[in-house]
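Thanks for coming, everyone. Let me put the sequence and the structure up before I start talking.

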Amino acid sequence: MAFNRKDLLGTRELTVEEIKTILDTAESFKEVSTRSIKKVPTLRGKTIINFFFEPSTRTRTSFEIAAKRLSADAVNISASGSSVTKGESLIDTARNLQAMAPDAIVIRHRSPGVPHQLAKMVEASIINGGDGAHEHPTQALLDAFTIRERKGELAGLQVAIIGDIMHSRVARSNAHLLTKLGAHVRVAGPRTLVPPQFDKIVGESEGSITVCNRIEEALEGSDVVMMLRIQRERMSDAFFPSLKEYSIHYGLTLERLALASPECIVMHPGPVNRGVEISSEVVDSARSLVLDQVTNGVAVRMAILFLLAGREID
Ligand code: CP
């Protein structure tokens with residue numbers, strides 16, 4: 001099997017072979033969620049800790065469901081319910097969690113690099129559930145899985161990622177992953193929310209990144225459109241005049257979507273702000289795969305837990 005990592009910290013370091021192993025493994029697990037008894041014994045006796053310092057609906061729930069469908073024991077801790085609120089450092093917290101011998105820890109934290117730090121300190125596999133504006137690898141993997149399921153393969157596809165690129169870990173993880181798989185990524189948003197050097201973030205890859213000045217330019221002939229939420233919680237300044245103006249200039253409407261390929265699919269990592277970055281008509285349209293992404297998130301996270309927590313340790 002082409003996967004021999006202790007941790008999943010980002011898509012930047014993954015090889016094409018490793019990505020394909022995760023996606024193929026997810027494909028084999030997807031069927032488990034369609035059974036009347038949604039459980040396999042694959043990770044019986046393993047312990048997974050979900051440690052979330054930021055709010056989450058999809059990532060945390062789907063990791064818990066994924067662990068339970070694999071028969072692992074899943075434990076959820078939030079920062080507000082942990083002894084971090086009593087002054088315990090992250091390092092001491094991690095050491096104490098390690099002392100209880102978990103097999104994997106899924107962590108979401110507002111500071112970029114926290115999962116990488118923990119990975120050096122604990123024996124358990126560390127899975128990045130989102131670190132600040134840096135990476136959200138499992139989201140990009142489930143996005144790639146969803147695109148592959150619908151389009152067959154990613155090589156040669158035109159993928160438009162639109163919105164708050166600057167603060168988006170989803171955009172960053174997808175830019176690395178989609179271009180490795182040969183897709184061409186176009187990003188667009190207000191100038192203040194698109195890093196001008198964003199096209200330089202990928203190294204050697206089959207695909208490419210283009211920074212577009214206008215949303216229409218990014219949408220033209222696209223096979224996939226990925227809309228992003230404005231990450232107001234990461235903004236210390238005003239990056240655009242008002243949400244209404246943002247919506248007028250950058251919101252995805254049915255009229256704008258008509259610029260894309262007739263078979264174009266629409267994606268969004270959630271949470272969706274209807275009427276801001278995307279209209280309700282588009283979210284609820286037949287072109288929208290927003291809920292398919294959520295369904296596939298369980299299969300992809302089952303695959304990741306299986307490949308990491310189920311690995312043989314020498
Ligand atoms: N896409 C995503 O990470 O959603 P949550 O914040 O609800 O986990």
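I will go through domains, their interface, salt bridges, cores and a few backbone points.

First, the ground rules. This is a predicted model, where local features need pLDDT of at least 70 and side-chain atom pairs count only at pLDDT 80 or more, while totals for chains, interfaces and linings use all residues. Residues are numbered from 1 along each chain as its sequence is written, and side-chain values use heavy atoms, with hydrogens and water left out.

Domains, then. The chain splits into domain 1 (16-135 + 294-309) and domain 2 (137-291). Those bounds come from an automatic or database domain assignment. Taken over C-alpha atoms, the two domain centres are 25 Å apart. Domain 1 puts 31 residues into the contact, and domain 2 puts in 26. Contact here means heavy atoms within 4.5 Å.

How much area is buried between domain 1 and domain 2? About 2,300 Å², with carbon and sulfur atoms giving 58% of it. Buried area is the accessible area (1.4 Å probe) that two parts lose on being put together, summed over both.

Now the polar side of that interface. There are 14 residue pairs in polar contact across it, both residues at pLDDT 80 or more. A polar contact is a pair of N or O atoms within 3.5 Å; within protein, one must be able to donate a hydrogen and the other to accept it, and residues adjacent in sequence count only if both atoms are side-chain atoms.

Which elements give two or more residues to the side of domain 1 that touches domain 2? They are helix H1 (16-30), H2, S3, strand S4 (125-131) and H11. H1 supplies the largest share of that side, nine residues. Helices (H or I, at least four residues) and strands (E, at least two) are DSSP runs, numbered from the N terminus.

On to salt bridges. Side chains of opposite charge can pair when their charged atoms come close. The cut-off used here is a side-chain nitrogen of Lys or Arg within 4 Å of a carboxyl oxygen of Asp or Glu. By this rule the count is 14 salt bridges. Lys30 sits in helix H1 and Glu149 in helix H5 (residues 137-151), so this pair ties together parts 119 residues apart in sequence. Their side chains meet at 2.7 Å, N to O. Lys30 is partly exposed at 24% relative accessible area, and Glu149 is partly exposed too, at 43%. For the cut-offs, buried means under 20% relative accessible area, exposed over 50%, and partly exposed in between (1.4 Å probe, protein chains only).

Next pair: Arg169 and Glu54, a salt bridge at 3.0 Å, N to O. Arg169 is in helix H6 (residues 169-180), and Glu54 is in the loop between strand S1 (47-52) and H2, 115 residues apart. Buried or exposed? Both Arg169 and Glu54 are buried.

A local one for contrast. Asp92 and Arg95 form a salt bridge at 3.9 Å, N to O. They are three residues apart in helix H3, so about one helical turn separates them. Asp92 is partly exposed at 36%, and Arg95 is partly exposed at 49%.

There is also a network of salt bridges linking Asp24, Glu27 and Arg148. Between domain 1 and domain 2, the count is four salt bridges.

Now the cores. A nonpolar core is a set of buried Ala, Val, Leu, Ile, Met, Phe, Trp, Tyr and Cys residues joined through side-chain atoms within 4.5 Å. The largest has 61 residues, and Leu141, Ile147, Ile161, Leu178 and Leu305 have the most contacts inside it. Helix H11 (residues 290-309) gives the largest share of this core, ten residues. Each of domain 1 and domain 2 contributes at least three residues to this core. Another core lies apart from it, with 23 residues, including Phe240, Cys264, Val266 and Val283.

Last, the backbone. Where is the cis peptide bond? It joins Gly270 and Pro271, with omega about -5°. Pro271 lies in the loop between strand S9 (265-267) and helix H10 (280-283).

Ser71 has a positive phi of about 70°, though it is not a glycine. Ser71 lies in the loop between helix H2 (58-69) and strand S2 (73-78), and counts as buried at 17% relative accessibility. Ala101, also not a glycine, has a positive phi of about 55°. Ala101 lies in the loop between helix H3 (90-98) and strand S3 (104-109).

That's my tour. Questions, please.
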